[in-house]
Amino acid sequence: MIDVNSLRKSVTFELDGQIFKVLDYSHNKPGRGNATIRIKIRNLRNGNTLEKTFQSGDRVQDIRLDHHQAQFLYHDETFYHFMDTETYEQTALTKAALGESAEFLKDGMEVKLTFYNTEPIDIELPSTVDLEVVEAEVAVRGDTANSVTKIVTTETGLRVQAPQFVKVGDTIRISTITGEYQTRA
């Protein structure tokens, strides 16, 4: 068991028979009384996101996770398929289980698969990913007073705010943590 004060972003725990991953965390200490801990969590089995409030001193069940290096192979209507790079075993996860991580996946990409017992529950992406721009708004001449951005669509369908000079065919680097444009690759 771990104290809820130890919960931080990306910590995984078990509550009421379900496995959750912390997406956001805030600690409130009013003038009187116990502190409250508000967290935004994602159920790793069905992908549902919810907010939960705990009182300081509450405890949740800590879980042991195994991590394996894997390569993203492809996706179909329901599943995203991965291959363990050591054992060559294939594993499939649903889009709901992956959440927003699915928008960063590119064929052949190396990721870390997370297992709870023998059940695959999540992936860990590299901190940045390079994706090709397949659609970009047209730049308007004279719109350069401030740092003007436009929305571009990448090969995976991810839509990102990018500088005006980015065009179709460019490869851009995107942070998987914030989902923001970083630079041209």
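1. Let's start with a term: a salt bridge is a side-chain nitrogen of Lys or Arg within 4 Å of a carboxyl oxygen of Asp or Glu. By that rule, Lys-167 and Asp-170 qualify, as their closest N and O atoms are 3.5 Å apart. Lys-167 is partly exposed, with a relative accessible area of 48%, whereas Asp-170 is buried at 11%. The cut-offs behind those words: buried means under 20% relative accessible area, exposed over 50%, and partly exposed in between, using a 1.4 Å probe and protein chains only.

2. Before you go on, keep in mind that this is a predicted model, in which local features need pLDDT of at least 70 and side-chain atom pairs count only at pLDDT 80 or more, while totals for chains, interfaces and linings use all residues. Residues are numbered from 1 along each chain as its sequence is written, and side-chain values use heavy atoms, with hydrogens and water left out.

3. Now the overall picture. The protein has one helix and 16 strands; these are DSSP runs numbered from the N terminus, with helices (H or I) needing at least four residues and strands (E) at least two. Its C-alpha atoms fill a box of roughly 60 × 50 × 25 Å along the principal axes. Of the 185 residues, 36% count as buried. Contact means heavy atoms within 4.5 Å, and among contacts with a separation of 6 or more, 45% come from residues 24 or more positions apart.

4. Have a look at β3, β4 and β5. Two strands pair if DSSP finds at least two bridges between them. Strand β3 (residues 18–28) pairs with β4 (residues 36–43) in the antiparallel sense, over eight bridges. Then β4 is joined to β5 (residues 49–55) by seven bridges, again antiparallel. Arg-38 is handy for tracing this: its partners are Ser-26 and, in β5, Thr-53. Five residues lie between the strands in the β4 and β5 hairpin, where Gly-47 takes a positive phi near 85°.

5. Next, an open sheet. Five strands run in the order β9-β8-β7-β10-β11, with antiparallel pairing. At its edges are β9 (90–94) and β11 (119–124), each pairing on one side only. The twist averages 45° from one strand to the next; here axes are lines fitted to C-alpha atoms (for helices, over the stretch in contact), and angles run from 0 to 180 degrees between N-to-C directions. Inside this sheet, six bridges join β7 (residues 66–75) to β10 (residues 110–116), and Ala-70 stands opposite Val-111 in β10.

6. There is another open sheet of five strands, ordered β14-β13-β12-β15-β16 with antiparallel pairing. Its edge strands are β14 (159–163) and β16 (181–184), each with a single partner strand, so one side of each has no neighbour in the sheet. Neighbouring strands here are turned by 50° against each other on average, direction ignored. Five bridges pair β13 (residues 149–154) with β14, and Lys-150 has Ala-162 as its bridge partner in β14.

7. Beyond neighbours within four places in sequence, Asp-84 is in contact with His-68, Gln-69, Ala-70 and Glu-89.

8. Over in β10 you'll find Thr-114, which counts as buried because its relative accessibility is 6%. Its side chain makes a polar contact of 3.3 Å with that of His-67. A polar contact is a pair of N or O atoms within 3.5 Å; within protein, one must be able to donate a hydrogen and the other to accept it, and residues adjacent in sequence count only if both atoms are side-chain atoms.

9. Back to salt bridges: the structure holds ten. One joins Arg-59 and Asp-3 at 4.0 Å, N to O, linking β6 (residues 59–62) with β1 (residues 2–3) across 56 residues. Another joins Glu-119 and Arg-45 at 3.1 Å. Glu-119 is in β11 and Arg-45 in the loop between β4 and β5, so this pair ties together parts 74 residues apart in sequence. Finally, Lys-21, Arg-42 and Asp-122 are linked in a salt-bridge network.
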